Amino acid sequence: MNLTKNNRTDKNRKETFFKYLFLFCAFVAVISVFAITFFVFARGLKPFMPWNDSGYSLIDFLSGVEWRPGSDKFGILYMIIGSLLATIGAITIGVPIGLFTAVFIAELAPKKIANIVRPAVELLAGIPSILYGVFGLGMIVKILTKYSPNAQGQSLLATILVLTIMILPTVITMSETAIRAVPSCYRDGSLALGASKIQTVFKVIIPAAKSGIFAGVVLGIGRAIGETMAVMLVSGNPIAGIPTSLWDRVRPLTTNIALEMGYASGTHQDLLFSTGVVLFIFIMIINLALNKLVHNKIK
Amino acid sequence: MVDNNKFYIKDLNLYYDTLRALKDVNLQIKSNKVTAFIGPSGCGKSTLIRCLNRMNDLIEGVKINGLVAIDNTDIYGDIDVITLRTKVGMVFQKPNPFPMSCYDNIAYGPRCQGVKSKTDIDAIVEKSLKQAALWDEVKDRLNKSALGLSGGQQQRLCIARAIAMEPEVILMDEPTSALDPIATAKIEELIENLKKSYTIVIVTHSMQQAARISDNTAFFLSGEIIESDTTSNIFTNPINKKTEDYITGRFG
Amino acid sequence: MRKAKDYLAKILIYLSSFITVGVLLAIIAYIFINGIGLINWSFFTNEYNDKTYYLQFEANKLQLSDNSYKDNIPYTRNVINNDSEPLYIEELGGAIIESKKGSDIEFIISYVEKSSSMLEAKDRRGEIVGIKEGYIIRSINGENIEDKNLEEISNIVGDIQGNIELKVTNPGNGVFTNIITTLYMILLSLSIATPIGILAAIYLVEYARPGKLVSTIRFATESLAGIPSIIYGLFGMAFFVVFLKFSLSLLAGALTISIILLPVIIRSTEEALKAVPDSYREASYGLGATKLQTISKIIIPSAMPGILVAVILSIGRIIGESAALLLTAGTVSKIPENLFSSGGTLTVQAYYVAKEEANIEMACAIGIVVILLIIILNLIAKLISKIFNKANY
């Protein structure tokens with residue numbers, strides 16, 4: 001039997017070529033991450049470099065409370081606070097609603113109703129974010145204008161409401177998956193001990209599903225803090241002012257970038273990238289912190 | 001090395017990471033005979049048979065030392081594994097036809113090796129199906145999906161698929177354990193015929209099957225070959241007490 | 001006590017679900033109600049911007065059989081003057097209505113008879129353009145009609161024998177260019193992202209051994225999925241638009257979107273590949289096929305439905321994407337001539353009209369189109385999954 005190897009046949013060369021082609025494509029993701037980080041940081045950190053003559057002070061940037069490009073004032077502190085408050089608000093309202101809806105779909109609803117609600121959630125997830133903004137502007141802002149002490153509907157509250165709606169699908173789908181994944185023996189065990197369905201859900205199932213639920217929350221936070229188009233129409237986008245009440249207008253970090261990129265240039269444009277860098281860092285910190293928390297909890 | 005040995009295995013040891021699955025295996029497999037591997041579950045039969053066509057290469061963390069030679073060539077040396085597998089075919093426990101037509105299933109191997117002409121492939125398909133005693137049953141549905149065949153037919157299709165490569169050896173890893181008795185009988189009859197042209201190694205859970213169809217038998221226990229001899233000797237006059245205990249059903 | 005707690009919890013649960021579904025219905029209802037008025041043939045075939053023509057046709061003498069033309073009110077950004085009805089003019093073979101914009105009045109063609117020669121009206125080069133419903137009349141045979149009323153217009157026209165030349169404006173308000181731009185964007189980004197994503201997934205499933213390399217690749221893929229689209233927009237602008245000097249263009253937008261799609265395609269393809277039973281791989285290798293042959297002849301065909309679903313869902317993602325495209329492909333409403341032209345997709349246009357022109361109706365109309373597309377895409381994806389999951393294993 002002739003089994004000698006021939007490394008240089010066309011077939012073998014093809015095998016090797018494709019193997020490296022596959023590897024290269026897999027690496028594109030890595031290259032992209034590096035590229036994104038590099039280019040955004042390069043432009044964003046430029047104004048703060050000591051050798052930059054037309055630069056800007058980092059401290060002023062991070063602590064300033066007004067953004068007036070005309071007078072060379074670029075402070076984003078009020079934006080940071082606006083973004084954080086909006087995200088916290090959205091999570092506070094959205095996670096309970098989302099989690100309970102997930103419980104409904106997974107545990108309480110009869111099959112027919114679950115089969116209506118679940119596609120409804122999927123549809124909600126598929127709607128482009130700008131349409132949430134349009135809805136927010138046309139409906140939510142309109143209603144809020146009636147109640148607002150400033151007679152102005154665009155506000156922190158409007159932003160929170162829009163973001164809440166946006167993160168619902170994320171929280172719901174991930175929580176539902178996590179709840180479904182809980183082995184039925186836990187359910188059976190609890191019910192057999194005489195616990196009610198509700199008690200089973202809250203005392204056994206949700207704790208068992210908590211890592212999946214948590215993942216959904218983290219994803220939701222990421223979405224809320226990174227959302228641009230939807231909040232642009234409802235947040236008001238003032239040029240100054242730390243928000244102190246729900247009725248105040250806010251300018252989240254994201255909208256700052258999108259609003260002015262169209263016409264900014266020079267250092268102004270660089271500082272928009274800097275806003276992006278701050279956003280990026282926030283998201284990284286949140287992801288790392290929350291993931292560490294999960295790891296520690298699991299251990 | 002003796003002339004009518006197809007395989008010559010000497011001092012073969014196999015490790016799954018740190019677990020030693022085959023211990024100092026020594027065996028000669030004769031050409032154009034049916035050799036059966038018997039023994040309780042999980043004691044190395046399948047592991048050894050998969051060494052013979054280097055299918056164990058596909059598993060992570062497998063280490064082998066020792067000699068496995070086919071026709072005096074060490075198959076773990078610097079050889080072309082692809083060619084080895086065309087010469088040493090395999091049929092698996094659960095029939096696994098591809099989700100394609102019967103025709104394409106059989107044509108798959110030859111096409112991979114570069115056979116392009118339709119007439120050539122037509123001839124190969126007919127010849128293989130006839131040898132596998134399946135031609136009459138599928139000749140009118142060659143272009144229909146192989147998944148529509150019964151379990152026994154699917155297994156014979158897999159045998160035909162392996163034969164289409166014109167191998168010298170056919171390895172069978174418990175080929176009938178997923179089939180009903182009638183299908184099993186058909187395949188055993190097939191094996192009787194095939195051994196005229198091929199060397200056959202079969203792993204089987206059923207001692208009766210080994211007794212029915214094999215010429216030589218090797219008895220495995222905990223990764224070692226306890227005894228190997230002609231089938232009639234193993235079943236009527238086993239030398240080792242453990243062999244006798246297994247044969248008579250004291251454990252298994 | 002426990003019963004009370006249970007009851008309370010149940011109420012909260014039902015309430016939450018109600019809120020979720022209610023919100024969805026509210027959004028869909030709002031968008032449909034506000035946008036449906038604009039949906040007509042010209043919405044899909046017109047460009048956004050106005051176009052003015054000088055168009056000539058032979059005077060008609062068409063009499064109507066009934067007054068149903070009065071019910072035909074075309075969409076207009078202005079308010080239809082409630083006091084006046086449309087006036088049918090035989091010489092035109094069509095009806096005109098008054099439309100108010102602040103203190104200005106415009107005259108819009110509200111109805112055109114099928115046999116009217118207005119439909120074949122020619123421009124000054126002799127090409128047929130046609131005067132249709134919704135067109136605004138500016139002047140008749142050179143005479144400006146902006147300060148006239150309907151009766152006077154009727155008289156002016158009545159006096160004309162032979163040819164009538166109208167200066168008309170096609171008010172645009174259409175999304176034709178955006179549809180074309182969206183199609184281009186889909187084709188471009190998919191043709192870049194799909195091959196790379198599939199090949200990457202093949203590596204991860206069929207070739208990779210656990211180790212640092214694979215962990216790095218997976219970490220990168222997960223990270224990409226978590227980056228908000230505005231940051232992609234920033235990157236796209238800094239790299240493709242400025243550094244590579246593509247300027248605001250389809251190409252810059254498509255490349256940026258491809259990176260956004262990468263994690264989705266890789267993940268879905270990975271799952272589809274993993275779902276292919278190992279027994280197929282074993283059978284293939286056992287027959288002496290090489291790795292490449294096994295992948296191309298057995299594994300990919302079996303995984304095809306899953307890959308297809310991933311691609312279809314990606315289309316939905318592309319349609320919905322706006323922030324990243326805003327910064328890389330721009331908002332221009334023109335049919336892109338080549339890869340380097342800029343252009344706004346449907347969703348970007350919706351943002352533009354909502355923000356810059358406070359035109360909620362148009363944004364909602366675009367929203368209707370987009371939502372319907374996404375529903376259809378999701379249904380197709382589900383159908384494919386269902387059909388192929390029955391067929392194979």
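This passage describes the domains of chains A and C in a predicted model, the contact between these chains, and a sheet in chain B. Local features are taken at pLDDT of at least 70 and side-chain atom pairs only at pLDDT 80 or more, whereas totals for chains, interfaces and linings use all residues. Residues are numbered from 1 along each chain as its sequence is written, chains are lettered from A and ligands numbered from 1 in the order in which they are written, and side-chain values use heavy atoms, with hydrogens and water left out.

Between chain A and chain C, the contact (heavy atoms within 4.5 Å) takes 71 residues from chain A and 71 residues from chain C. The buried area, that is, the accessible area (1.4 Å probe) that two parts lose on being put together, summed over both, is about 6200 Å² for this pair, with 84% of it on carbon and sulfur atoms. On the side of chain A, the residues that lose the most area to chain C are A:Phe22, A:Ile36 and A:Phe39, which together make up 11% of what that side buries. One salt bridge (a side-chain nitrogen of Lys or Arg within 4 Å of a carboxyl oxygen of Asp or Glu) is counted between the two chains, and the side chains of C:Lys382 and A:Glu122 meet in a salt bridge at 2.9 Å, N to O. There are also 6 residue pairs in polar contact between chain A and chain C, both residues being at pLDDT 80 or more; such a contact is a pair of N or O atoms within 3.5 Å, where within protein one must be able to donate a hydrogen and the other to accept it, and residues adjacent in sequence count only if both atoms are side-chain atoms.

Within chain A, an automatic or database domain assignment gives domain 1 (2–48) and domain 2 (76–298), whose C-alpha centres lie 36 Å apart. These two domains of chain A bury about 830 Å² between them, of which carbon and sulfur atoms give 74%, and A:Val40, A:Phe41 and A:Arg43 supply 55% of the area on the domain 1 side, more than any other three residues. Across this interface of chain A the rule finds 2 salt bridges, and A:Arg43 meets A:Asp270 through their side chains in a salt bridge of 3.0 Å, N to O.

Chain C is divided into domain 1 (2–38), domain 2 (50–170) and domain 3 (176–392). The centres of domain 1 and domain 3 of chain C, taken over C-alpha atoms, are separated by 31 Å, and their contact takes 8 residues from domain 1 and 9 residues from domain 3.

In chain B, an open sheet of 4 strands has the order 2-1-4-5, with antiparallel pairing, where strands are DSSP runs of E with at least two residues and two strands pair if DSSP finds at least two bridges between them. Strand 2 (19–30) and strand 5 (73–74) of chain B stand at the edges with a single partner strand each, so one side of each is left without a neighbour in the sheet.
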